[in-house]
Amino acid sequence: MNSSRLISTMAVALLCSSGIFQPAFSHSGVAHDRWNPAHLKNLPPEIRAVVQKWEAACGGPIAAAQQFALYLTVPGAEFVALHFDDFRCGNKSVHCGTTGCLHEVYVANEGRYRRVLTVHARDIRLLRDQNAAMVEISGVNGEIRALRWNGSRFVE
C-alpha cells in the first residue's frame with residue numbers, strides 16, 4: 001500500500017471512530033425510515049395519547065421522525081421533549097408558524113408524565129447542568145433563553 005493510500009485509510013478510520021461519520025441505521029440496526037411508526041408507538045402511553053389527538057387537526061395520518069422525542073434523565077426526574085418540527089402533519093400550520101414550531105416538555109412523576117413546558121420556538125434542547133435539568137430555547141430571531149428545573153417547573 002502506498003503512503004498516500006495508507007494516510008487516507010487512516011484518516012477515514014479516525015473519522016469513523018471519532019463519531020463524525022455514523023452509519024445510516026437506526027438504533028435497532030435496520031435501515032433508517034424517517035417516518036417509522038415506531039417513533040410514535042414507543043412514546044410513553046400518556047404522551048402518545050396526547051400526540052394522537054393531533055391527527056384530527058392535521059386532517060389525516062400523522063408520523064414522527066426519530067428526533068421528534070428526545071429524553072433526558074437526571075436524579076429524581078425523567079424528561080421527554082417533543083419537537084413538532086420533526087412531526088409529519090398534513091396541516092403544518094396547526095403547530096408551526098412565524099414564531100417557530102411547537103415544542104413540549106413532559107416530566108415523569110411517580111411513573112406518569114405531565115406537560116411542564118409548551119413553547120413555539122426554532123428549537124429547544126434539554127441539557128444537564130450537574131444533576132439538574134435545563135432547557136435551552138432558541139427563538140426564530142436567534143435569541144436563546146435558558147430555563148432551569150426547580151423540581152416542579154422550569155424557571156429563568
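## Basis of the description

Because the model is predicted, local features are given only at pLDDT of at least 70 and side-chain atom pairs only at pLDDT 80 or more, whereas totals for chains, interfaces and linings use all residues. Residues are numbered from 1 along each chain as its sequence is written, and side-chain values rest on heavy atoms, with hydrogens and water left out.

Strand 2 and strand 3 run antiparallel and are joined by six bridges, with Tyr71 standing opposite Val80 in strand 3. These two strands form a hairpin with two residues between them, and Gly76 in that turn has a positive phi of about 90°. Strand 3 also pairs with strand 6 in the antiparallel sense, over five bridges, and here Val80 stands opposite Tyr106 in strand 6. Six of the seven residues of strand 3 are buried, so that the strand is mostly covered; buried means under 20% relative accessible area, exposed means over 50%, and partly exposed lies in between (1.4 Å probe, protein chains only).

Strand 6 (residues 100–109) continues to strand 7 (residues 112–121) through an antiparallel pairing of nine bridges, in which the bridge partner of Glu104 is Thr118 in strand 7. Strand 6 and strand 7 form a hairpin with two residues between them. Glu110, found in the loop between these strands, has a phi near 50°, a positive value in a residue other than glycine, and at 86% relative accessibility Glu110 counts as exposed. In strand 6 itself, His103 counts as buried at 0% relative accessibility. His103 and Ile137 are 34 residues apart in sequence, while their C-alpha atoms are 9.4 Å apart in space.

Four strands make up an open sheet with the order 8-9-10-11 and antiparallel pairing. Its edge strands, each pairing on one side only, are strand 8 (123–129) and strand 11 (154–155). Strand 8 and strand 9 (residues 132–138) pair in the antiparallel sense over seven bridges, and the bridge partner of Asp123 is Ser138 in strand 9. In the loop between strand 8 and strand 9 lies Gln130, which has a positive phi of about 60° although it is not a glycine; Gln130 is exposed, with a relative accessible area of 67%.

## The largest pocket

A pocket is an open set of points on a 1 Å grid over the protein atoms alone, where a 1.4 Å probe fits and protein lies on both sides within 12 Å along at least five of seven lines; lining residues have an atom within 4 Å of a point. The largest pocket has a volume of about 160 Å³, a volume being the space filled by probe spheres set on the points, which are joined across faces, edges and corners. Among the residues that line the largest pocket are His39, Gln66, Phe68 and Tyr71, and helix 2 (38–41) and strand 2 (69–74) each supply at least two residues of the lining.

His39 lies in helix 2 and is buried, with a relative accessible area of 17%. A polar atom of the side chain of His39 lies 2.8 Å from the backbone oxygen of Ala64.

## Aromatic pairs

Rings of Phe, Tyr and Trp (its six-membered ring) pair if their centres lie within 6.5 Å, and planes under 30 degrees apart count as stacked, over 60 as edge-to-face and the rest as tilted. By this rule the count comes to seven aromatic pairs. One of them, between Phe79 and Phe154, is tilted, at 5.6 Å centre to centre and 50° between the planes. This pair links distant parts of the chain, with Phe79 in strand 3 (residues 77–83) and Phe154 in strand 11, 75 residues apart. Phe79 is buried, with a relative accessible area of 0%, and Phe154 counts as buried at 8% relative accessibility.

The rings of Phe84 and Phe87 have their centres 5.0 Å apart and their planes at 65°, so this pair is edge-to-face. Both Phe84 and Phe87 are buried, and ring pairs link Trp54, Phe68, Phe84 and Phe87 into a cluster.

Terms used
Pairing = 2+ DSSP bridges. Polar contact = N/O pair within 3.5 Å; in protein donor to acceptor, adjacent residues only side chain to side chain.
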